[in-house]
Amino acid sequence: MERFAIIGLGRFGSRLARNLSAKGAEVIAIDQDRRIVEELRDQVTLAVALDATDEQALRLQGVDQVDCAVVCMGHDFEANALSTVLLKNLRVNKVISRSANDMQARILSRIGADSVVNPEDESSDRWTNKLLSPFIIDHVEMGEGYAIVQMPTPEAWRGKTLSELDLRNKHNVTIVAIKRRTPSASASGAEEVEERVVDLPQPSSRLTSEDVLVIAGFDKDIRRLPN
């Protein structure tokens, strides 16, 4: 089981702690505000009120034993930076720190943060893609202007093979996987839907209306795809 420490339980930190815990991870949730800590106490492994710039206090709660620590403090950059340094001193394997701007991100990276997250920027980027391409189910940025997305099979592609579609030449995108839903009978005789992933689909793979496609390509090309 993976172990996480979430430090700073504002909206971002609290939701992250709840989501990780709901997925089965061991979560230590930390904040100085006892009211917030009490609200999370029954939803995570351990919720404690303490000063995250106190190295000894962090060690006493076992933070030095977690696999990953996420510093979510968004309004106190000094405390954010100090916590980041302390976590690296505690030899936490991976430390992710929240930044509010590019300057903070550069500073956090230089003082030891393994990764830096800006939830507002990431949310804006996701919504940009959703608004420009509403048919996209999910969008993961892989590099500047390049992404992997999930989308339902366009009507014009249904019943055709990948060889017939020739997407690489016609649209400059590649289908890297297919999520295929097929009906199956349960032990009770009731019909159920089984979902499986067709990894590295072949040119002869024929698309159906139930398929969800995992596509890699440049954003500008993905936005031109039929839907």
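Student: What should I know before I start?

Tutor: The model is predicted, so local features need pLDDT of at least 70 and side-chain atom pairs count only at pLDDT 80 or more, while totals for chains, interfaces and linings use all residues. Residues are numbered from 1 along each chain as its sequence is written, and side-chain values use heavy atoms, with hydrogens and water left out.

Student: Is strand β5 enclosed or open, and why?

Tutor: Strands (E, at least two residues) and helices (H or I, at least four) are DSSP runs, numbered from the N terminus. Buried means under 20% relative accessible area, exposed over 50%, and partly exposed in between (1.4 Å probe, protein chains only). In β5 (residues 94–98), 4 of the 5 residues are buried, so the strand is largely enclosed by the rest of the structure.

Student: Which strands pair with β5?

Tutor: Two strands pair if DSSP finds at least two bridges between them. Strand β4 (residues 68–71) runs parallel to β5, joined by 4 bridges, and Val71 has Ser97 as its bridge partner. On the way from β4 to β5 the chain passes through helix α4 (residues 77–89), a right-handed β-α-β crossover. Right-handed means that, with the strands pointing away from the viewer, the path from the first strand over the helix to the second runs clockwise. Strand β6 (residues 115–117) is also parallel to β5, with 3 bridges, and there Val117 stands opposite Arg98.

Student: How do I read the largest pocket, and what lines it?

Tutor: Rolling a probe the size of a water molecule over the atoms shows where empty space is left. A pocket is an open set of points on a 1 Å grid over the protein atoms alone, where a 1.4 Å probe fits, with protein on both sides within 12 Å along at least five of seven lines; lining residues have an atom within 4 Å of a point. Here 23 residues line the largest pocket, and Gly8, Asp31, Met73, Gly74 and His75 lie nearest its centre. Two or more lining residues come from each of α1 (11–22) and β2.

Student: And how is an aromatic pair described?

Tutor: By the distance of the ring centres and the angle of the planes. Rings of Phe, Tyr and Trp (its six-membered ring) pair if their centres lie within 6.5 Å; planes under 30 degrees apart count as stacked, over 60 as edge-to-face and the rest as tilted. This structure holds 1 such pair. The ring centres of Tyr146 and Phe218 are 5.0 Å apart with planes at 85°, so the pair is edge-to-face. Tyr146 is in strand β8 (residues 146–152) and Phe218 in strand β11 (residues 212–218), 72 residues apart.
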